[in-house]
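Student: I have a structure here that is new to me. Can you walk me through it?

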2 protein chains.
Amino acid sequence: MSLSEYFPIYNKLSKDDQEALLQVSSLHTVSQGTLLHGGGDDCMGLLVVRSGQLRVYMTSEEGREITLYRLLGRDICLFSASCIMNSIQFDIMISAEKDTTFWIIPPCFYKQLMERDAAVANYTNELMSTRFTDVMWLMEQVMWKSFDKRLAGFLLEESILEDSKQLKITHESIAAHLGTAREVVTRMLKYFQTEGAVALTRGSIEITDSAKLQKLSQ
Amino acid sequence: MSLSEYFPIYNKLSKDDQEALLQVSSLHTVSQGTLLHGGGDDCMGLLVVRSGQLRVYMTSEEGREITLYRLLGRDICLFSASCIMNSIQFDIMISAEKDTTFWIIPPCFYKQLMERDAAVANYTNELMSTRFTDVMWLMEQVMWKSFDKRLAGFLLEESILEDSKQLKITHESIAAHLGTAREVVTRMLKYFQTEGAVALTRGSIEITDSAKLQKLSQ
């Protein structure tokens with residue numbers, strides 16, 4: 001499979017731009033746990049995910065974290081190329097949650113393409129709106145939703161992503177996803193266990209009653 | 001002053017598009033307190049603020065509020081025209097905090113302009129990045145910053161916006177800006193008063209020591 005099949009507006013580009021895109025872009029594979037983008041002025045380019053899973057998150061000065069969204073196959077990351085837009089004035093971090101294969105489209109190439117091609121500029125707009133929607137959804141969750149509901153929702157989402165009811169994830173890691181402290185996660189998981197929704201064992205969480213967890217998330 | 005001087009990329013448009021823009025856009029004035037956009041499918045168009053002050057905020061199902069950002073003279077509101085982009089899937093509210101005069105650029109006109117003109121599309125991108133940056137800043141505040149710092153920062157910002165140390169604002173209204181409960185605001189303001197940073201009177205808050213408030217905000 002080539003980048004041409006993963007870049008949604010490939011067919012809207014001129015023949016020359018199509019050729020140039022394939023020529024300047026490069027395919028990379030990183031293993032689980034790799035930090036791809038560490039905030040700051042780093043501007044590696046647009047990431048087009050072929051397979052795997054990336055986590056996009058925010059950190060505080062004290063090192064606390066919260067997951068903004070995940071990128072899966074066919075997703076495109078714009079903020080790893082934040083230098084293409086002057087008005088993007090915030091830092092995010094990107095790490096690989098699974099072994100991940102992706103193309104990098106160099107920022108300079110994309111920027112000049114976007115500046116002269118309305119289709120590319122409008123596609124970039126749609127990409128940004130999608131991420132904006134993700135972040136607004138998260139803002140709503142953080143502001144108005146109680147932690148038990150957020151945690152239940154997170155476990156269900158993980159179960160779908162991993163295609164398993166046995167989640168190999170630490171309380172610490174859940175805390176980093178949800179932007180809270182480990183103790184808060186542990187306390188709530190114990191409550192879920194007394195409710196019969198999950199069973200806790202060392203280093204993993206088993207979803208024993210999805211319907212109950214679903215109810216807890218609403 | 002005409003819209004041509006308030007729309008930053010007016011000079012990049014063709015003569016025909018410049019004429020059409022001025023012809024289809026209309027100037028409106030609303031008084032303080034007017035709800036301009038109530039979320040949902042409402043798609044009035046881009047708002048170009050000539051003078052006044054708009055508040056863009058989010059509400060919970062239970063009616064709680066948090067201010068996302070303010071729009072002042074020369075600011076442009078994109079999300080009052082969210083129908084121009086499919087991927088914008090969230091609701092915001094817009095109300096006038098002061099008597100406000102603005103132009104409305106109809107969404108259909110802007111959409112077709114953006115679709116064929118790369119300069120307009122890229123300008124729209126920059127607009128969205130600016131708002132995205134505002135919301136990411138707010139997310140950081142909400143996630144990592146303690147409430148005393150947020151409140152102190154808010155009072156200083158209000159003082160600049162109003163160009164006065166005497167703020168005519170209720171505790172209820174501050175709570176809606178900051179996404180919290182009135183009691184929390186009242187408690188913290190009383191603490192600020194014992195610290196000598198503010199003096200509280202019925203219906204207003206006087207900043208008596210800006211330097212102290214500045215220190216409290218850091």
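Student: Anything to know before we start?

Tutor: This is a predicted model, where local features need pLDDT of at least 70, side-chain atom pairs count only at pLDDT 80 or more, and totals for chains, interfaces and linings use all residues. Residues are numbered from 1 along each chain as its sequence is written, while chains are lettered from A and ligands numbered from 1 in the order in which they are written.

Student: How many helices and strands does chain A have?

Tutor: Chain A has 7 helices and 11 strands. Both are DSSP runs numbered from the N terminus: helices are H or I with at least four residues, strands are E with at least two.

Student: What box do its C-alpha atoms fill?

Tutor: Roughly 60 × 35 × 30 Å, along the principal axes.

Student: And what percentage of chain A is buried?

Tutor: Of its 218 residues, 31% are buried, meaning that 20 or more other C-beta atoms, placed from the backbone, lie within 10 Å of the residue's own.

Student: New topic. At what angle do α6 and α7 of chain B pack?

Tutor: Helix α6 (residues 171–178) of chain B meets helix α7 (residues 182–194) of chain B at about 110°, and the axes are 8 Å apart. The axes are lines fitted to C-alpha atoms over the stretch in contact, with angles from 0 to 180 degrees between N-to-C directions. So α6(B) is roughly perpendicular to α7(B), a label for angles of 65 to 115 degrees.

Student: Which residues make that contact?

Tutor: From α6(B), B:His171, B:Glu172, B:Ile174 and B:Ala175; from α7(B), B:Arg182, B:Val184, B:Val185, B:Thr186 and B:Leu189. Contact means C-beta atoms, placed from the backbone, within 7 Å.

Student: How many residues of chain B are in contact with chain A?

Tutor: 34 residues of chain B, in contact with 34 of chain A. On the chain B side, α3 (107–116) and α4 (118–144) are the elements giving two or more residues. The largest share, 19 residues, is from α4(B).

Student: What rotation superposes chain B on chain A?

Tutor: One of 180°, with 0.0 Å of shift along its axis and an RMSD of 0.0 Å. The superposition is by least squares on the C-alpha atoms of residues with pLDDT of at least 70 in both copies. The two copies are therefore related as by a two-fold rotation axis.

Student: Which C-alpha of chain B is nearest the axis?

Tutor: That of B:Ala118, 2.0 Å from the axis. Both copies use the same surface, and 100% of the contact residues of chain B recur in chain A.

Note on methods
Buried ≥ 20, exposed ≤ 12 C-beta atoms within 10 Å, placed from the backbone. Parallel < 35°, antiparallel > 145°, perpendicular 65-115°, else oblique. Contact = placed C-beta atoms within 7 Å.
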